[in-house]
Amino acid sequence: MKKNVLGNDLRTLRNLDQQSNRISSIAQKFEETFGSPPTFIASAPGRVNLIGEHTDYNDGYVFPVAIDKYINIAARQRTDRRVTLHASDVNGSWEFNLDARHSISQQAPAWSRYLIGVASLLQAFGRKIAGMDAVITGDVPIGAGLSSSAALSVSATLAFLAAGSELVADGFPVPENEKKELAALCQRVEHEFAGVNCGIMDQTISLLGKENHGLFLDCRSLEHEHVPLNLAGHYITICNTKVKRELATSEYNKRRAECAKGVDILKQWIPNISSLRDIALTDFKKHEEELPILTQKRCRYVIEENTRVLDAVSLLKTRNQQITEKTDEALIQFGGLMNASHNGLRDDYEVSCKELDLLTDIARSITGVIGCRMTGAGFGGCTVSIVHKDALETFQTRVKKEYREQIGIEPEIYLCRVSDGAQVFGRKELS
Ligand code: GLA
């Protein structure tokens with residue numbers, strides 16, 4: 001057996017091992033709460049976006065990966081229409097009836113609204129779902145820009161579908177041709193039940209993620225391609241600022257509005273455009289002076305970011321053809337595009353903050369870090385860095401020390417494994 005094949009086999013075994021530990025610990029929590037084992041577990045990953053920020057709601061391109069942090073729902077179907085939920089990480093409980101779907105009580109905790117929303121929309125679309133007893137648990141940090149809420153909606157969607165299905169005893173393969181439709185349903189849950197006017201990226205990657213691959217997604221057509229991530233001894237490293245600004249949601253919605261306003265104004269000179277995705281940078285430059293200054297900055301960032309995603313994906317694809325273990329020019333350029341993305345988010349789109357900028361500055365000053373940027377909506381949350389394995393120790397020590405010295409709190413650092421999208425485990429995996 002060749003060395004690299006053996007290496008891969010060991011890695012697969014280790015992953016399977018981690019997966020079975022995760023499943024058995026969730027199953028145990030269910031049993032502690034409801035007195036007997038669950039019949040299935042739905043599990044959906046969070047994500048980190050490598051490049052293509054704030055482009056999804058502009059019909060543009062994104063390149064996220066699914067990470068090995070999950071929201072899990074261990075459940076057992078019921079014969080009636082009740083849904084009994086226990087969120088074990090926050091020690092909260094909630095119950096609702098599937099037939100009372102339009103009345104969300106004021107007291108319903110924030111997390112339960114996602115499940116009520118999912119149940120309501122699945123039924124509105126005529127899907128067969130059933131009542132269930134469920135325990136929710138997870139390790140996607142909440143409010144950290146790693147899409148814990150998308151993972152919750154996706155996990156809930158699969159749990160309700162599994163509860164309504166007879167397939168579940170032997171696991172529940174999520175039909176490939178339904179994944180995009182389910183992602184759109186989960187996006188609507190955010191819009192209609194959480195008041196966040198988000199794009200389609202987070203829900204799509206949570207469903208469509210693939211181990212060791214990035215998802216190159218065209219957010220207009222929803223065409224996608226899984227691009228192998230051959231990072232040659234580098235790790236995707238996430239640093240959590242541990243801060244979240246209250247204005248994140250309102251500023252997010254304002255950015256969307258600014259982009260739409262830019263398109264409306266630019267239509268006077270560039271007809272037949274329906275989103276910023278349709279505008280080439282050269283055309284934009286001819287007319288940018290006509291826009292109010294803020295609109296101009298927001299639009300410039302989005303148009304440039306779309307180009308960066310296309311360039312970044314093409315660099316990786318070219319590089320994959322001549323697989324090399326060295327930090328080559330293509331990887332360095334990929335990192336450069338990540339850096340430029342952050343600079344645009346900081347200066348033109350203005351969704352960064354001092355904690356994200358500090359983490360980015362520290363990371364970039366370390367030899368062996370090829371690129372670093374904020375990831376997700378911004379105003380707090382996380383950065384993503386590509387770090388060579390020989391620099392990991394220095395990276396962890398310096399980031400922790402320098403961030404603590406300047407901000408007064410310890411950041412969290414996660415080495416992330418690029419994982420598969422959401423799954424439902426049935427009898428086979430639970431036994
Ligand atoms: C949040 C939204 C996504 C996307 C990102 C920014 O994560 O949910 O749809 O807009 O912000 O890229």
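Predicted model: local features only at pLDDT ≥ 70, side-chain atom pairs only at ≥ 80, totals over all residues.
**Exercise 1. Work out how helix α2 is oriented relative to helix α3, and which residues join them.**

Let's start with the geometry. Helix α2 covers residues 110-124 and helix α3 covers residues 148-163. Their axes are 9 Å apart, and the packing angle is about 45 degrees. That angle makes α2 oblique to α3. As for handedness, the crossing of these two helices is right-handed.

Next, look at the residues that touch. From α2 come W111, Y114, L115, V118, A119 and L122. On the α3 side they meet S149, L152, S153, A156, T157, F160 and L161. Sorted by class, the contact of α2 with α3 holds ten nonpolar and three polar residues, with no charged ones.

**Exercise 2. Describe the crossing of helix α4 with helix α5, then sort the contact residues by class.**

Find residues 179-194 for α4 and residues 201-208 for α5. The two axes come within 8 Å and cross at roughly 140 degrees. Is that oblique or roughly antiparallel? Roughly antiparallel needs an angle over 145 degrees, and the angle here makes α4 oblique to α5. The crossing of α4 and α5 is right-handed.

Now for the side of α4: K179, K180, L182, A183, C186, Q187 and E190 take part. Helix α5 contributes Q203, T204, L207 and L208.

**Exercise 3. Repeat the analysis for helix α8 and helix α9.**

Take α8 as residues 293-320 and α9 as residues 329-347. Their axes lie 9 Å apart at an angle of about 165 degrees, which makes α8 roughly antiparallel to α9. This crossing is left-handed.

The contact on α8 is made by K297, Y301, E305, R308, D311, A312, L315, L316 and R319. Its partners on α9 are A330, L331, Q333, F334, L337, A340, S341, G344, L345 and D347. By class, the contact of α8 with α9 has ten nonpolar, three polar and six charged residues.

How values were computed:
Residues numbered from 1 in each chain as written. Heavy atoms only, no water. Axes fitted to C-alpha atoms, helices over the stretch in contact; angles between N-to-C directions. Helix = DSSP H or I, 4+ residues; strand = E, 2+ residues; numbered from the N terminus. Parallel < 35°, antiparallel > 145°, perpendicular 65-115°, else oblique. Left-handed = near helix turned anticlockwise from the far one by under 90°. Contact = heavy atoms within 4.5 Å. Nonpolar A, V, L, I, M, F, W, Y, C, P; charged D, E, K, R; others polar.
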